[in-house]
Amino acid sequence: MPEDRADNGKRKDFLIAMLKRFYPKRYEASAYVIPFEQYQAKGYRGVIFDIDNTLALHGAPADEQALELFERLREIGMKTCLLSNNKEMRVRDFAEKVDSPYLYKGGKPRVRGYERAMKLMDTERENTLFVGDQLFTDVYGANRAGIYSILVKPMDPQEEIQIVLKRYLEKPVLYFYKRQCLR
Ligand SMILES: [Mg+2]
């Protein structure tokens with residue numbers, strides 16, 4: 001029946017529109033391979049980072065690689081802010097090592113944390129990047145805030161059970177994202 005087909009088409013459009021809210025603008029293998037210099041040349045001036053499984057293993061301190069990245073960002077004139085849903089102590093320790101402003105218990109995916117991060121960096125949504133490893137908190141929140149979102153592969157393959165469950169739910173979204181947006 002043609003009517004059924006129209007209904008199915010509408011349902012599919014709706015589903016895709018729903019899924020797109022979780023799609024990142026870019027998908028990178030790691031936060032450490034992102035070409036920040038290119039974004040800087042395009043006019044981006046600030047980067048909001050998730051910490052756990054984005055910049056370090058869950059709970060792990062900032063290592064040499066992280067220190068170098070933040071130093072490199074400073075050199076090219078990119079502001080930074082750490083935005084984590086984790087506790088103050090974890091976030092503060094990491095932030096002090098890489099010498100960056102930070103927000104703990106960030107409430108992602110709510111937009112408030114992203115807006116506060118931009119205020120701390122004195123940037124706008126148009127010239128701010130977000131980098132994180134989770135679709136339903138990190139990327140969804142950045143998209144809602146109107147910020148360019150970069151999803152990275154989680155650093156740790158061994159994750160806690162509640163995260164494993166979320167990863168399971170991420171799978172179908174990533175499947176459609178890769179089919180529609182990646183060649
Ligand atoms: Mg994370």
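Axes are lines fitted to C-alpha atoms, and angles run from 0 to 180 degrees between N-to-C directions. The model discussed here is predicted.

**Overall layout**

The chain has seven helices and six strands. From the N terminus on, these elements follow the order α-β-α-β-α-β-α-β-α-β-α-β-α. The radius of gyration is 17 Å, close to the 16 Å given by the globule rule for 183 residues, so the chain is as compact as a globular protein of that length. Along its principal axes, the C-alpha trace spans about 65 × 40 × 30 Å. Of the 183 residues, 37% count as buried. Among contacts with a separation of 6 or more, 65% are made by residues 24 or more positions apart.

**The sheet**

Strands of a sheet pair through backbone hydrogen bonds, either parallel or antiparallel. Here the six strands form an open sheet in the order β1-β6-β5-β2-β3-β4, and the pairing is parallel. Strands β1 and β4 are the edge strands, each pairing on one side only. Two bridges join β3 to β4; in one of the pairs, leucine 83 has leucine 103 of β4 as its bridge partner.

| Strand | Residues |
|---|---|
| β1 | 26-28 |
| β2 | 46-49 |
| β3 | 79-83 |
| β4 | 102-103 |
| β5 | 128-132 |
| β6 | 148-152 |

**Helix α6**

Helix α6, residues 135-145, lies across β5 and β6 and runs at about 165° to β6. How many of its eleven residues are buried? Eight are, so the helix is largely enclosed by the rest of the structure. The buried residues are Leu135, Asp138, Val139, Tyr140, Gly141, Ala142, Asn143 and Ala145. Their cover includes the helices α5 (111-121) and α7 (161-181), together with β5 and β6. Glycine 146 follows α6 and has a positive phi, near 80°.

**Valine 47**

Valine 47 is found in strand β2. A residue is buried if 20 or more other C-beta atoms lie within 10 Å of its own. Valine 47 has 29 such atoms within 10 Å and is therefore buried. Which residues is valine 47 in contact with, leaving aside its neighbours within four places in sequence? They are Leu73, Met78, Thr80, Leu129 and Val131. Methionine 18, by contrast, is 29 residues from valine 47 in sequence and 26 Å from it in space, C-alpha to C-alpha.

How values were computed. Residues are numbered from 1 along each chain as its sequence is written. This is a predicted model: local features need pLDDT of at least 70, side-chain atom pairs count only at pLDDT 80 or more; totals for chains, interfaces and linings use all residues. Helices (H or I, at least four residues) and strands (E, at least two) are DSSP runs, numbered from the N terminus. The radius of gyration is taken over C-alpha atoms; the globule rule is 2.2 Å times the number of residues to the power 0.38. A residue is buried if 20 or more other C-beta atoms lie within 10 Å of its own, exposed if 12 or fewer, and partly exposed in between; C-beta atoms are placed from the backbone. Two residues are in contact if their C-beta atoms, placed from the backbone, lie within 7 Å. Two strands pair if DSSP finds at least two bridges between them.
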